[in-house]
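Visitor: I have a protein open on my screen and would like to go through it slowly. Could you help me read it?

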Amino acid sequence: MTGTAASIGLLPDPAPCNALTETAAGLLVPEVLIEVDRGLTVTPPAAGDCPQVWRIGVDAAWVQTPALNFLHTITGAVRAWETVPELPLLTIPRAGLWEVNYQVRGVALLPAPGAANTDTGVVAGMYKNGAVVPGTEAMVIYHSELAGDQGKQIQATGSRQFMHPFAAGDTVGLGAFRLGTSGSASVVSNGDGRTYISAHWVAPEGDTPA
């Protein structure tokens with residue numbers, strides 16, 4: 001069969017949901033291919049729907065450490081990072097952009113007042129595959145005292161939240177170091193206040209800030 005669609009009497013139906021297009025070679029039926037990244041779901045329209053609505057949704061994922069009871073005394077040198085192994089590593093199940101939250105309960109214990117100034121504290125940060133992620137640091141608690149107990153200073157930071165791209169299988173953990181050379185510094189978790197990490201998938205791999 002030769003000739004255009006019009007010459008053989010096959011004109012496209014003017015209905016709004018008609019997907020056919022008249023061309024010089026005949027009626028063109030467009031082919032639609034939909035590729036879906038992990039984390040996204042596509043629901044096709046039902047047969048006969050007009051208009052045909054394709055619904056795209058987000059199949060999110062999340063991971064979180066359990067509620068734990070522990071006391072981790074920081075034994076390293078001042079400002080020397082160390083892991084907090086009592087808090088288990090999280091394994092990222094899916095590549096993409098993740099929103100990570102962590103909360104650390106810190107303890108700073110100073111010795112009895114003396115003739116010298118004393119100070120101690122806890123700084124925490126997120127480890128990714130065994131290395132600290134720059135920009136995730138937070139001073140959890142810092143306590144300093146002048147000689148002879150003439151004055152005190154306490155600083156503290158609440159929970160920390162940040163966005164970060166991960167590959168599937170990356171691990172996320174908690175690191176910490178001590179401030180000052182006096183007394184002791186620890187990370188603790190119990191019913192009075194938890195130390196935890198949580199992560200929530202928010203976008204596919206390659207997503208960038210606006």
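Visitor: How many helices and strands are there in the protein?
Guide: This is a predicted model, and in it the protein has zero helices and 18 strands.

Visitor: What share of the residues counts as buried?
Guide: The protein has 210 residues, and 34% of them count as buried. As for the surface, the protein exposes about 12,300 Å², of which carbon and sulfur atoms supply 56%.

Visitor: Now the strands: what is the order in the open sheet of three strands?
Guide: The order is 6-17-10, and the pairing in this sheet is antiparallel. Strand 6, residues 70-73, and strand 10, residues 105-109, each have a single partner strand and therefore stand at the edges, with one side left without a neighbour in the sheet. From one strand to the next, the twist averages 25 degrees.

Visitor: Over how many bridges do strand 10 and strand 17 pair?
Guide: Strand 10 pairs with strand 17, which covers residues 184-189, over five bridges in the antiparallel sense. Arg105 has Val188 in strand 17 as its bridge partner, while Ala108 stands opposite Ala185 of that strand.

Visitor: And which residues of strand 10 are on the covered face, and which on the uncovered one?
Guide: Gly106 and Ala108 make up the covered face, whereas Arg105, Val107 and Leu109 belong to the uncovered one. In a regular strand, side chains alternate between the two faces of the sheet.

Visitor: Last one: what percentage of contacts with a separation of 6 or more is between residues 24 or more positions apart?
Guide: In this protein, such residues account for 68% of those contacts.

How values were computed. Residues are numbered from 1 along each chain as its sequence is written. This is a predicted model: local features need pLDDT of at least 70, side-chain atom pairs count only at pLDDT 80 or more; totals for chains, interfaces and linings use all residues. Side-chain values use heavy atoms; hydrogens and water are left out. Helices (H or I, at least four residues) and strands (E, at least two) are DSSP runs, numbered from the N terminus. Buried means under 20% relative accessible area, exposed over 50%, partly exposed in between (1.4 Å probe, protein chains only). Contact means heavy atoms within 4.5 Å. Accessible areas come from the Shrake-Rupley method with a 1.4 Å probe; for residues, only the protein chains shown count as cover. Two strands pair if DSSP finds at least two bridges between them. Axes are lines fitted to C-alpha atoms, for helices over the stretch in contact, and angles run from 0 to 180 degrees between N-to-C directions.
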